[in-house]
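Trainee: Could you show me how to read a protein model, beginning with the whole chain and then going down to single residues?

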Amino acid sequence: MSRCSDYQLLSFVLLLLITIHPSSQSRVGEENGVKSAVFLSPKFVLEPGSVSNKFYYDIDFPKGHIALKSFDAEVVDEAGNSVPLHETYLHHWVVIRYYHRQGVDVPKYHGNLGFHKSDFIIKRNSGICEGGLSQYFGLGSETRKTMSYVPDPYGIEVGNPVEVPPGYEERWLLNVHAIDTRGAEDRLGCTECRCDLYNVTKDEHDRDIEPDYIGGLRCCYDETRCRVKDGFQGSRRSLYLKYTVKYIDWDASILPVKIYILDVTDTWKRPGKSTATVARHHCLIEYLVESCSASVANADCSHTKKITVTFPSGGDIIYGVAHQHTGGTGMALHGEDGRVICSSLPIYGEGMEPGNEAGYIVGMSSCYPRPGSIKISEGETVTLLSNYSNAQRHTGVMGLFYLLVAEPSPKPNSILHSTDGTGEIVILHNAVGALAVFGIALLVGAVVIYRRRNQREEGYESILM
């Protein structure tokens, strides 16, 4: 080997040392290896006062064994423009995973979910509510400014062929509930589904609505109409839910998370020692907040609803966020010892543009604890609180809490990675240093051995012996 070649190789070693010196951190951003797919739901047509609450089977969705990293959505018009909440109120959207029997042809739209048919098997999340709240993702008016990204190295595992029952295939269902409030006589009343504004006495299943049911989902079902101002004219228009799914191909390095949805209206009660019956988690999903003048309330007109439930399994809290309606002032989940597991506060808009509509909740703050720092134990008794302003009455409000929980992590190892709270992976200094030293030692050793051989061939004795 020539001295020029030796110099080039040693220069490469020095360059490598500079590149991976422990003083610099190597970051893998959220865009590194993360795939993103954008889809449109089937169109729904609205005119002033009208309601669309439809269920769409077999929606477009990424295929294969993957880890879901986020699901974001918003309502857009035919030109792709964002539609503000004061024109079309997005009451909620939910995405449900299900297994469909192969060979059975089913239309893409159904008014009825058909959960009890043998051709469909709902793959529920890990939550405790029975019957409803089985979605993997779901938000409402807050969808544009609520973070949903699952931090590395975690992911929501789907598409695993081992989990699919024989004779079935995995598909996805979308429910979109939207209310056109252009020209509404009482815009807030329409979004809160007040029964008198919808002029209904029976629900969508033709059951009589009780007199004390003032407002909620039973009064603003598909094809109902909220009262608009006399003489108001507005056009019919086609709208879509635009949704963006971010995901990565599944591999063994990804840590799976379980989805839990808690509901402050859960009627569960801890069974007494004298009974062998198992208490059921019957979640009502919505509730009524009476105004200060009509209820016992504290001086600042704040209404708090609280429940205590037993968490079914333990693990590390990876992500948390609440879902509330207009009037909401925040939610919190507390552990058995009183510690705050996660709190989530509403973001209210201040303008007219999409994503900042005044008077509406346009986002909810999310919890991203450092992995392993916030744990929940199997069977731990947790307390969920939902706070609303009751300066005025609110009907059909919700207090849901969405959690991602991973299997308990081992004691943090400084040689491994951690999450820095931004969703990026930070390779720790000592890990980089160990790799640098090992790699450089190998390269320097190769240079030394080769030079010794070369010098002996030229009649020189190596001074490094």
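Mentor: What follows goes from overall features to two residues, and please keep in mind that this is a predicted model.

Trainee: How many helices and strands does the secondary structure of the protein come to?

Mentor: The protein has 4 helices and 27 strands. Of its 465 residues, 47% count as buried, and the accessible surface comes to about 23000 Å², with 55% of that belonging to carbon and sulfur atoms.

Trainee: Among contacts between residues at least 6 apart in sequence, what percentage join residues at least 24 apart?

Mentor: In this protein 78% of those contacts join residues at least 24 apart.

Trainee: Where is the place of Ser389, and what does Ser389 touch?

Mentor: Ser389 belongs to strand 23, which covers residues 381-389. Leaving aside residues up to four places away in sequence, Ser389 touches Val289, Cys301, Gly327, Thr329 and His394.

Trainee: Why is Thr143 called buried?

Mentor: Buried means under 20% relative accessible area. Thr143 is therefore buried, because its relative accessible area is 5%, whereas Ser389, with a value of 28%, is partly exposed. Thr143 is found in the loop between strand 9 (137-139) and strand 10 (154-158), and, not counting residues up to four places away in sequence, Thr143 touches Ala73, Glu74, Leu90 and Trp93.

Definitions and conventions: Residues are numbered from 1 along each chain as its sequence is written. This is a predicted model: local features need pLDDT of at least 70, side-chain atom pairs count only at pLDDT 80 or more; totals for chains, interfaces and linings use all residues. Side-chain values use heavy atoms; hydrogens and water are left out. Helices (H or I, at least four residues) and strands (E, at least two) are DSSP runs, numbered from the N terminus. Buried means under 20% relative accessible area, exposed over 50%, partly exposed in between (1.4 Å probe, protein chains only). Contact means heavy atoms within 4.5 Å. Accessible areas come from the Shrake-Rupley method with a 1.4 Å probe; for residues, only the protein chains shown count as cover.
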